[in-house]
Protein chains: 4
Amino acid sequence: MSNIMGQTITITLFGESHGASVGAVLDGLPAGEVIDWDQVRREMERRAPGRSALSTARAEADAFEIQSGFFNGYTTGTPLCAIIKNSDHHSRDYDHLRHVMRPGHADYTGKVRYGGFQDFRGGGHFSGRLTAPVVFAGAIASQLLSQRGVTVGAHILQIGSVQDQFFDPTGETEQRLRQLKEETLPVLEIEKAAAMEQYILEAKGQLDSVGGVIECMAIGLPAGVGNPFFDSVESRLSHMMFSIPAVKGIEFGDGFALAGMRGSQANDSFYYDGPVVKTRTNHNGGINGGITNGMPVVFRTVIKPTASISRRQETIDTDTGENCILEIQGRHDPCIVQRAVPVIEAAAAWTLLDLILTTPQGR
Amino acid sequence: MSNIMGQTITITLFGESHGASVGAVLDGLPAGEVIDWDQVRREMERRAPGRSALSTARAEADAFEIQSGFFNGYTTGTPLCAIIKNSDHHSRDYDHLRHVMRPGHADYTGKVRYGGFQDFRGGGHFSGRLTAPVVFAGAIASQLLSQRGVTVGAHILQIGSVQDQFFDPTGETEQRLRQLKEETLPVLEIEKAAAMEQYILEAKGQLDSVGGVIECMAIGLPAGVGNPFFDSVESRLSHMMFSIPAVKGIEFGDGFALAGMRGSQANDSFYYDGPVVKTRTNHNGGINGGITNGMPVVFRTVIKPTASISRRQETIDTDTGENCILEIQGRHDPCIVQRAVPVIEAAAAWTLLDLILTTPQGR
Amino acid sequence: MSNIMGQTITITLFGESHGASVGAVLDGLPAGEVIDWDQVRREMERRAPGRSALSTARAEADAFEIQSGFFNGYTTGTPLCAIIKNSDHHSRDYDHLRHVMRPGHADYTGKVRYGGFQDFRGGGHFSGRLTAPVVFAGAIASQLLSQRGVTVGAHILQIGSVQDQFFDPTGETEQRLRQLKEETLPVLEIEKAAAMEQYILEAKGQLDSVGGVIECMAIGLPAGVGNPFFDSVESRLSHMMFSIPAVKGIEFGDGFALAGMRGSQANDSFYYDGPVVKTRTNHNGGINGGITNGMPVVFRTVIKPTASISRRQETIDTDTGENCILEIQGRHDPCIVQRAVPVIEAAAAWTLLDLILTTPQGR
Amino acid sequence: MSNIMGQTITITLFGESHGASVGAVLDGLPAGEVIDWDQVRREMERRAPGRSALSTARAEADAFEIQSGFFNGYTTGTPLCAIIKNSDHHSRDYDHLRHVMRPGHADYTGKVRYGGFQDFRGGGHFSGRLTAPVVFAGAIASQLLSQRGVTVGAHILQIGSVQDQFFDPTGETEQRLRQLKEETLPVLEIEKAAAMEQYILEAKGQLDSVGGVIECMAIGLPAGVGNPFFDSVESRLSHMMFSIPAVKGIEFGDGFALAGMRGSQANDSFYYDGPVVKTRTNHNGGINGGITNGMPVVFRTVIKPTASISRRQETIDTDTGENCILEIQGRHDPCIVQRAVPVIEAAAAWTLLDLILTTPQGR
């Protein structure tokens with residue numbers, strides 16, 4: 001069920017970049033929840049293009065229209081559908097790309113998979129625009145998590161050669177996680193934002209693009225969430241994260257650095273902090289055996305450099321059956337990492353809420 | 001559905017380390033397939049403990065008994081169930097651990113999740129022993145993939161500070177992938193095996209353990225496999241991989257290194273090699289937009305150091321409600337990376353076969 | 001996943017009777033299919049209210065708007081979303097019903113299930129209006145089935161005391177099944193239509209309503225479709241049928257009459273009609289062991305009398321916590337059986353297409 | 001996922017009549033539940049063959065062996081697997097049936113579906129023997145339901161021309177439902193048992209078989225259980241029921257009789273019985289809009305006459321490609337209705353428990 005995700009709460013995604021709308025159906029949300037729609041709009045604005053010189057000039061309103069599932073100020077418990085109309089189309093920009101496969105994009109793989117019938121304009125169903133309904137869903141999930149004492153936040157750990165410091169793995173404050181959401185380039189070391197911006201603009205000047213790493217943390221999660229063998233917290237979060245275009249890696253806790261550590265270093269010692277069980281370190285990212293242990297859940301995802309660049313690139317023309325040279329016109333983000341931050345947060349929030357709601361009542 | 005995985009072919013896993021048996025029900029396998037059971041046994045031996053000084057002395061036979069789904073030399077198309085009886089129990093080894101939470105293990109999280117009713121002996125359902133039926137399933141899947149021209153292989157890229165070279169991302173030969181399966185420590189640079197062994201034994205001598213990185217490659221996959229938005233090849237593979245105990249990170253193609261690259265470097269140029277579409281590089285690991293592009297699928301997973309170590313560790317006693325000191329007796333693997341190699345291959349094979357079978361007929 | 005149905009092709013349903021819209025997301029449809037939208041509109045008109053004195057005067061346009069999944073005249077293979085805007089609201093009609101539980105409706109059960117937050121206007125998510133997107137989905141499925149030689153048709157077997165003859169269980173012609181779709185009251189014995197109409201109008205005059213039985217047949221199905229143990233053709237069809245409001249029973253083949261038969265009567269003898277395997281009778285409704293045998297699939301569903309009637313009824317007021325008398329104002333269908341016919345056909349078409357597409361390629 | 005059923009609790013079924021074993025994996029059961037295994041055995045004995053002259057002489061022990069999921073006297077919360085070894089094989093009885101398709105059985109459809117590779121002995125995976133693990137699962141579910149105040153019971157409403165009276169639709173006592181489980185032929189009018197037995201033996205004497213109707217009731221269910229649109233109580237129960245071999249119809253409440261009723265008759269009036277909401281009648285079988293209303297859930301299923309009869313029957317030989325005459329040797333049940341009673345109860349208990357556990361916590 002390729003466009004459906006989740007167990008107790010499910011998201012069904014639809015839409016193409018240049019179709020009538022993109023949207024989502026959210027099923028299984030608890031009834032009787034108040035939703036702060038302004039807060040949802042703010043989250044969606046964080047993802048929206050055209051906010052700075054760092055992103056594409058395409059200015060989508062990203063205004064959502066609720067179709068169902070919200071009545072008299074509360075969720076109804078029945079499916080909540082929202083559509084986000086597409087606008088600001090320059091569909092003609094893509095006409096000449098019908099047979100020319102952009103490297104790094106899904107043009108070729110989509111063509112093979114769907115026999116050439118896929119909507120190729122602007123990436124169609126593969127477009128980053130599909131992350132708009134993901135942010136919509138995540139913004140709702142965040143509000144429900146907040147009631148349960150859970151906060152999800154993220155910062156840009158790396159853009160190209162510019163590296164931010166790591167989160168304190170044993171915990172950041174809710175306030176700090178929330179403050180990060182106010183920044184265009186959310187970082188822990190404030191001076192790194194300027195360095196990252198400069199790095200991005202330099203690449204842009206060279207008609208090129210850059211990638212980065214986003215570090216995400218969820219605090220306030222109770223211990224005991226997760227359903228091994230196959231529905232570990234890591235499994236469910238990674239499944240969701242790799243759905244987001246451009247994500248090519250994920251690690252939990254110390255991740256790949258664990259390969260160079262000894263067991264005596266990597267094991268997080270438990271201790272009683274009064275009645276509360278904690279670990280002194282958090283190399284395992286708050287997860288043991290696929291289940292939360294009450295410490296912050298920490299993970300990092302890598303975002304590859306934006307595939308759309310204006311440089312000349314070698315590729316194929318499936319119409320002529322010959323190799324060719326491509327120069328993409330149009331508007332591109334030299335870096336999508338900062339726009340991916342709210343998407344990663346939203347995807348994490350949705351997944352964690354589903355995991356919490358799916359955990360048996362009595363456990 | 002926490003112990004069920006897959007769409008067209010599903011695996012339902014059951015068992016605990018010290019219960020009657022572990023096993024799996026495989027549903028949806030095509031009818032009429034010949035299975036080479038000796039080949040399945042060889043794969044299971046690769047995972048089995050007790051093969052060398054590098055792993056635990058616990059000598060499980062790992063002999064499987066087919067309960068159903070195989071008749072007159074062929075798969076029937078109805079569920080194939082296999083059980084692997086447990087033996088060589090030293091259940092008493094674990095009695096004193098009932099209330100003492102081993103760091104790095106699921107003792108505490110499992111206790112919270114299942115209210116203390118989980119089988120705690122030897123990790124119970126969280127034991128690495130649950131990977132035996134995964135290897136069983138994967139060994140069957142490998143044979144079906146082989147008929148379709150697909151081969152999955154893996155090597156140890158890193159153990160502690162010892163690093164093997166990378167696979168050639170544009171492709172290794174089937175022969176080389178198969179040869180790796182013959183080695184206890186499968187590496188590309190043959191001299192690295194001895195260095196890794198020495199590194200592991202050194203840690204063992206210090207009552208400690210080590211982790212590592214496994215690089216896995218699947219060759220021969222057709223282009224067009226994968227089902228975005230949510231069932232991308234990366235999503236499905238990562239979901240499965242994080243089910244395997246001790247896996248804490250996964251990356252596809254150049255993975256985290258993409259954060260330091262430019263778009264002009266990261267994009268893999270397409271070209272016609274005769275009628276065949278290929279890419280000159282493979283920074284994207286054979287996957288664009290969540291769909292295979294016909295190049296080898298390449299990914300790396302990190303295996304954390306074995307959580308079971310004999311060193312003194314601080315932890316909690318949930319019976320007394322106080323902090324305490326733990327010294328684990330019994331048999332431990334100083335390194336499980338080499339035993340994880342066939343598990344990773346098996347998990348990949350099962351997942352890729354499911355993805356291939358789920359891809360629509362006419363696409 | 002309460003509002004999602006299907007395996008290879010899935011339908012996600014949303015909407016309430018008096019919300020912005022009702023609609024569906026259809027995922028997994030094959031790419032490259034031409035859809036005759038006029039034909040879809042005709043199917044939806046068959047279900048739409050206001051067509052005759054037999055149904056409610058509420059005149060919904062039931063015009064659908066495609067949001068995604070259809071491009072350049074073909075299905076794209078990615079999710080096809082359609083919304084059907086609601087109009088002609090008389091929401092005020094329902095205000096006084098907020099606390100008065102209409103007998104036979106989901107007012108009370110919905111209130112308990114959703115804690116009183118459900119949209120109660122016009123039945124909300126429980127409204128028969130939710131069958132509009134089901135007909136939309138089924139009309140598409142019918143076209144894809146038609147390409148595969150499969151036709152689904154239905155007639156009204158019974159309304160109150162008026163009984164039509166049964167389908168010939170060994171097969172009706174495609175032409176006859178198609179002709180039935182042209183009729184307001186589709187029956188096999190043409191004179192029964194008038195008798196049924198009279199019966200309905202008589203009940204209407206008494207401020208009452210009537211129910212009936214619909215007999216449905218699918219011809220042209222290949223043998224070998226269905227996936228026991230749990231996904232038998234009967235299981236999948238019945239699951240779908242009982243989703244349709246007012247359906248309270250289903251039987252396949254001779255159904256309940258089989259209780260009075262002997263095995264020697266009920267068994268359908270196989271024979272070769274040239275190279276084709278057929279059965280001489282069809283007491284089993286074209287299904288043996290949950291799998292199609294190549295004969296027509298035949299089933300009957302009972303539609304209970306419309307719950308909305310204008311007569312005085314006893315019920316409860318959950319606001320006062322006391323028993324009360326209800327007199328429903330507004331527009332009601334004295335009989336929905338005729339409007340349910342295209343819904344049953346659509347639901348069957350969608351389910352059968354999913355079953356066909358889910359049957360393994362090589363079987 | 002053809003052999004997997006359920007949402008919060010899932011059953012994965014495996015096995016063939018003449019393979020090593022049949023069994024089930026039950027996943028998602030709450031942890032910490034005590035199971036009365038003797039009670040489970042009693043339920044399985046009700047289904048087991050060889051108990052009277054009315055059923056086959058094949059005497060299977062139906063002894064189950066727990067593989068996992070039960071530890072120290074409690075469910076663990078991880079998968080509970082049980083296998084039931086097959087014994088008393090007369091596999092040779094079936095050798096000559098390999099190419100001769102028994103009417104009313106799945107021989108032909110299974111052959112087409114699985115390309116001839118299915119285990120054809122004794123019906124293989126289509127055998128009624130697969131209901132043994134269903135009864136096992138249901139017997140566990142019944143105990144968990146009992147803790148929640150829910151009791152499921154059933155009686156034989158009809159065998160051939162012998163008709164028992166109906167349950168009182170507004171409720172039977174728990175005691176009466178339990179007493180019925182003690183009878184070989186559970187009926188409400190005690191004298192009907194002898195009449196049914198005589199009817200069955202008469203058919204047996206004629207080398208023939210009979211069918212019947214089972215009426216099932218669940219009392220004690222809370223209002224508010226069920227998940228429309230697609231996971232109505234009727235949808236979920238019917239899906240499960242049609243998985244049981246020989247079931248060809250199901251109706252809820254007054255079922256097909258509703259076709260002859262008026263709305264004013266069919267609507268069940270609500271009233272307050274003190275603080276408790278009840279309905280004065282129960283024509284809707286305790287379900288409105290797919291959700292329980294707190295009244296007993298009542299449904300009836302028809303069981304077709306046993307397909308295996310010793311009479312000469314016409315059929316086809318797929319080896320010769322010609323029509324032929326079949327005379328089945330071996331042991332047959334002249335009637336399986338009485339053995340189906342505990343299966344229907346078990347299937348209902350499992351499904352209702354899943355629905356209860358899946359209903360959101362706060363609703």
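Start at the interface of chain B and chain A: the rule finds 55 residue pairs in polar contact across it, both residues at pLDDT 80 or more. A polar contact is a pair of N or O atoms within 3.5 Å; within protein, one must be able to donate a hydrogen and the other to accept it, and residues adjacent in sequence count only if both atoms are side-chain atoms. On the side of chain B that touches chain A, 46 residues are nonpolar, 43 polar and 19 charged. Here Ala, Val, Leu, Ile, Met, Phe, Trp, Tyr, Cys and Pro count as nonpolar, Asp, Glu, Lys and Arg as charged, and the others, Gly among them, as polar.

This is a predicted model: local features need pLDDT of at least 70, side-chain atom pairs count only at pLDDT 80 or more, and totals for chains, interfaces and linings use all residues. Residues are numbered from 1 along each chain as written, chains are lettered from A and ligands numbered from 1 in the order written, and side-chain values use heavy atoms, without hydrogens and water.

**Chains A and B**

Colour both chains. In contact (heavy atoms within 4.5 Å) are 108 residues of chain B and 108 residues of chain A. Together they bury about 8300 Å², 58% of it on carbon and sulfur atoms. That area is the accessible area (1.4 Å probe) lost on putting the two parts together, summed over both.

Now select Glu234(B) and Lys248(A). Their side chains form a salt bridge, 2.9 Å from N to O. The rule wants a side-chain nitrogen of Lys or Arg within 4 Å of a carboxyl oxygen of Asp or Glu. It finds 4 across this interface.

**Gly289(A)**

Gly289(A) lies in the loop between strand S14 (287–288) and strand S15 (291–292) of chain A. Strands (E, at least two residues) and helices (H or I, at least four) are DSSP runs, numbered from the N terminus. Gly289(A) is partly exposed, because its relative accessibility is 38%. The classes are buried under 20%, exposed over 50%, partly exposed in between (1.4 Å probe, protein chains only). Beyond four places in sequence, Gly289(A) contacts Pro228(A), Ala106(B) and Phe126(B).

**Ala307(A)**

Go to the loop between strand S16 (297–303) and strand S17 (313–317) of chain A for Ala307(A). Ala307(A) counts as buried because its relative accessible area is 9%. Leaving aside neighbours within four places, its contacts include Gln313(A) and Asn267(B).

**Val343(C)**

Finish in helix H9 (residues 337–358) of chain C, at Val343(C). Val343(C) is buried, at 3% relative accessible area. Among the residues Val343(C) touches, beyond four places in sequence, are Arg47(C) and Ile244(C).
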